[in-house]
Structure formats: C-alpha cells, structure tokens
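Look at the charged side chains in the structure below. Which of them pair up, and where do they sit?

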Amino acid sequence: MRRVCAQCKAINRIPVRHLADTGKCGKCGAALPPHATPIEVTSATQFDEIVAAARVPVVVDFWATWCGPCRMVAPEVKKAAQNLAGKALVLKVDTDALGDLAQRYQVSSIPNFAVFSGGRLLRQRAGAIDHRQLEKWAVAPQ
C-alpha cells in the first residue's frame, strides 16, 4: 500500500502488516500515522493479503453503489475508520465489482459487515449500523 507524507508529499510504500502502525517518511522522517480511512479493495488477492497480514482486526463493509442504505452508512464507516486508526483496519468491498468475495462470505443483503482477525472470519452481520456500534463490534473480544 502507498501513503503520501503530509509534510513532503513523498509516496511511501507501507507493508500491509504495518498499515495500523505509526511509521516515518523515508524521505523527510516525518511521522506517518496509522491508516485512518476505509481502504477500497480492488481485487480478491488484495483482500486476502490484507486480511491475512493485518496485525489488528479488519472490518469489512460489503456494499454496492446502487444501494441506498450503503450510501447512508458510508459516513459512519468513514468515522469508524478514523476512530479505529491503529486499532483496526476498515475495508470496503464493492459486491458488484467483487462478486466472488460476496459469494465466498455468503453476502446476500447489503450493507453487510464482517470482522476478521488472524486471517479468519470472527463475526458477520447485515444491516445498517452507526460508527459507535461498528467500533464496539470491531474490537469486541473473540
């Protein structure tokens, strides 16, 4: 994954296992904070890599552009990603573009949320949720 330094605008490559860590820019040494925005997944390979390598829980939002409730809950997902920075990663999976992932996790209604830890699915639920509920659900004990 790539992250742009806020100070010098250099592009830094961040290994997936370090997305939730604070790092430093390879060019200027400025702090690179943990990833704090939802990550738009573009392939099943990318999804599998992040879920397997992450050292923190991974919250997945299965959604679609045509889904009204998905669009309504998107700001809540964004807030959750900001509040969970360093404690969890948030992924967004477009079920139209990545139907194979939706099938793999038996997503039949959206929005649908899943939490992974250590590469395995811990919990999953369909329906809209606010950021506070999502944050609690994401870091709840296994």
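## Asp48 and Arg104

Asp48 and Arg104 form a salt bridge, with 2.6 Å between the closest N and O atoms. A salt bridge here is a side-chain nitrogen of Lys or Arg within 4 Å of a carboxyl oxygen of Asp or Glu. Asp48 belongs to helix H1 (residues 44-53) and Arg104 to helix H3 (residues 99-104), so the pair ties together parts 56 residues apart in sequence. Helices (H or I, at least four residues) and strands (E, at least two) are DSSP runs, numbered from the N terminus.

Asp48 is partly exposed, at 32% relative accessible area. Arg104 is also partly exposed, at 38%. Buried means under 20% relative accessible area, exposed means over 50%, and partly exposed lies in between (1.4 Å probe, protein chains only).

## How the model was read

This is a predicted model: local features need pLDDT of at least 70, side-chain atom pairs count only at pLDDT 80 or more, and totals for chains, interfaces and linings use all residues. Residues are numbered from 1 along each chain as its sequence is written, and side-chain values use heavy atoms, leaving out hydrogens and water.

## Lys92 and Asp61

Lys92 and Asp61 also meet in a salt bridge, at 2.7 Å from N to O. Lys92 sits in strand E7 (residues 89-94) and Asp61 in strand E6 (residues 58-63), 31 residues apart. Both residues are buried.

## Lys79 and Glu76

Lys79 pairs with Glu76 in a salt bridge, the closest N and O atoms being 3.8 Å apart. They are 3 residues apart in helix H2 (residues 68-83), so about one helical turn separates them. Lys79 is partly exposed, at 37% relative accessibility.

## The total

How many salt bridges does the whole structure hold? A search finds 5.
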